[in-house]
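Visitor: Please take one part of this model and go through it closely. Where would you start, and what does it sit against?

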Amino acid sequence: MSGQGVWLRARARLRRFPELLAGCGEQAAAYGRCVAAASAGSAELRRDACAEEFRALKDCFTRAVGTGPH
């Protein structure tokens with residue numbers, strides 16, 4: 001088994017990544033808004049503050065790449 005083959009496959013996946021994830025802009029924006037709001041001013045971002053938005057973004061990514069149960 002060649003190490004070069006692994007890198008070639010990884011590069012091919014990375015080249016497709018932006019195209020595959022282009023449909024997740026709405027979820028990414030929602031997550032970004034949540035993080036910005038949760039850490040606005042002197043507030044400290046808390047764990048799981050944006051868990052719902054993150055889950056939606058992760059699910060979209062998973063569907064886009066086709067590696068999950070969706």
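Guide: A crossing is left-handed if the near helix is turned anticlockwise from the far one by less than a right angle, and right-handed if clockwise. By that rule, H2 passes H3 in a left-handed crossing. Helices here are DSSP runs (H or I, at least four residues; strands are E, at least two), numbered from the N terminus.

This is a predicted model: local features need pLDDT of at least 70, side-chain atom pairs need 80 or more, and totals for chains, interfaces and linings use all residues. Residues are numbered from 1 along each chain as its sequence is written, and side-chain values use heavy atoms, without hydrogens or water.

Start with the helix pair. The axes of H2 and H3 come within 9 Å and cross at roughly 155°. That angle makes H2 roughly antiparallel to H3 (over 145 degrees; under 35 is roughly parallel, 65 to 115 roughly perpendicular, the rest oblique). Axes are lines fitted to C-alpha atoms over the stretch in contact, with angles from 0 to 180 degrees between N-to-C directions. From H2, the contact (heavy atoms within 4.5 Å) is made by Gln27, Ala28, Ala30, Tyr31 and Cys34. From H3 come Glu53, Phe54, Ala56, Leu57 and Cys60.

Now H3 itself. Helix H3 covers residues 51-65, 15 residues in all. The buried residues of H3 are Leu57, Cys60 and Thr62 (buried is under 20% relative accessible area, exposed over 50%, partly exposed in between, with a 1.4 Å probe and protein chains only). Those buried residues pack against helix H2, residues 25-38. Leu57 and Cys60 are also among the H3 residues that make the contact with H2.

Thr62 deserves a stop. Threonine 62 is found in helix H3. Its relative accessible area is 18%, so it counts as buried. The side chain of threonine 62 reaches the backbone oxygen of lysine 58 at 2.8 Å. Just after H3, glycine 66 takes a positive phi of about 70°.

Next, the way into H3. Aspartate 48 sits in the loop between H2 and H3. Most residues other than glycine have a negative phi. Aspartate 48 has a phi near 65°, a positive value in a residue other than glycine. With a relative accessible area of 58%, aspartate 48 is exposed.

Finish on H2. Glycine 32 lies in helix H2. Glycine 32 is partly exposed, at 36% relative accessible area. From glycine 32 to arginine 9 is 23 residues in sequence and 30 Å in space, C-alpha to C-alpha. Alanine 36 is in helix H2 too. Alanine 36 is partly exposed, at 46%. Leucine 21 is 15 residues from alanine 36 in sequence and 22 Å from it in space, C-alpha to C-alpha.

Alanine 38 is also in H2. Alanine 38 is partly exposed, with a relative accessible area of 25%. Setting aside neighbours within four places in sequence, alanine 38 is in contact with Ala43, Glu44, Leu45, Ala49 and Cys50. Arginine 9 is 29 residues from alanine 38 along the chain, and their C-alpha atoms are separated by 38 Å.

Terms used. Expected span 1.5 Å × (residues − 1). Polar contact = N/O pair within 3.5 Å; in protein donor to acceptor, adjacent residues only side chain to side chain.
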